[in-house]
Amino acid sequence: MTDFGFKLSKSSTIDLSKVDTSQFEQLCRLEPGARTCISCGSCSASCTAGSLSGMSMRKVLLSMQRGQDIRPMLKSCMLCGKCTMVCPRGLNTRNIILKICQIYD
């Protein structure tokens with residue numbers, strides 16, 4: 001076999017029909033604004049914890065929609081509110097984080 005300088009990797013496609021989105025749906029019942037996030041990344045850019053730990057409100061919501069575990073990310077949130085101030089949709093991201101913590105408790 002010839003080496004062309006690259007290799008094929010396993011697909012990282014997520015089959016959303018097989019994903020448990022019950023926690024995201026529960027979050028949307030508690031905080032309907034979570035569904036209106038446009039994943040623009042403004043929150044991630046302003047996050048103090050993000051540069052040190054990878055915390056990102058955008059990642060949290062996308063991971064919840066994909067049925068992934070987000071608890072490790074939530075532990076690094078400082079609830080400073082910078083993400084709330086820069087959100088173009090005006091989402092109360094601090095409240096969303098607190099509601100997510102309620103769901104996982």
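R35 counts as partly exposed, at 47% relative accessibility, where buried means under 20% relative accessible area, exposed over 50% and partly exposed in between, computed with a 1.4 Å probe and protein chains only. The structure is a predicted model, in which local features need pLDDT of at least 70 and side-chain atom pairs count only at pLDDT 80 or more, whereas totals for chains, interfaces and linings use all residues. Residues are numbered from 1 along each chain as its sequence is written, and side-chain values use heavy atoms, with hydrogens and water left out.

R35 forms a salt bridge with E25, and the closest N and O atoms are 2.8 Å apart. This pair links distant parts of the chain, with E25 in helix α1 and R35 in the loop between α1 and α2, ten residues apart. A salt bridge is taken as a side-chain nitrogen of Lys or Arg within 4 Å of a carboxyl oxygen of Asp or Glu, and helices are DSSP runs (H or I, at least four residues) numbered from the N terminus. E25 is partly exposed, with a relative accessible area of 29%. The structure holds two salt bridges; D69 and R71 form one of them, with their closest N and O atoms 3.0 Å apart. D69 is partly exposed at 47% relative accessibility, and R71 is partly exposed at 42%.

Helix α7 spans residues 93-104 and has twelve residues; from its first C-alpha to its last it reaches 17 Å, close to the 16 Å expected at 1.5 Å a residue. The expected span is 1.5 Å times one less than the number of residues. The buried residues of α7 are T93, I96, I97, I100, I103 and Y104. They cover an arc of only 115° around the axis, which puts them on the same side of α7; the arc is that of the directions from the helix axis to the C-beta atoms. An α-helix has 3.6 residues a turn, so residues three or four places apart point the same way. The buried residues of α7 pack against α1 (22-30), α4 (57-65), α5 (71-74) and α6 (82-86).

The axes of α1 and α4 come within 7 Å and cross at roughly 120°. That angle makes α1 oblique to α4, given that angles under 35 degrees count as roughly parallel, over 145 as roughly antiparallel, 65 to 115 as roughly perpendicular and the rest as oblique. Axes are lines fitted to C-alpha atoms, for helices over the stretch in contact, and angles run from 0 to 180 degrees between N-to-C directions. In α1, Q23, F24 and L27 meet L61, M64 and Q65 of α4, contact being defined by heavy atoms within 4.5 Å.

Loop residues were also examined. S56 lies in the loop between α3 (50-53) and α4 and counts as buried at 4% relative accessibility. Apart from its neighbours within four places in sequence, S56 is in contact with S44 and M73.

Most residues other than glycine have a negative phi. S39, which is not a glycine, has a positive phi of about 55°. This residue is found in the loop between α1 and α2 (42-46) and is partly exposed, with a relative accessible area of 26%. L79 is likewise a residue other than glycine with a positive phi, near 50°. L79 is found in the loop between α5 and α6, and its relative accessible area of 31% makes it partly exposed.

Definitions and conventions:
Helices (H or I, at least four residues) and strands (E, at least two) are DSSP runs, numbered from the N terminus.
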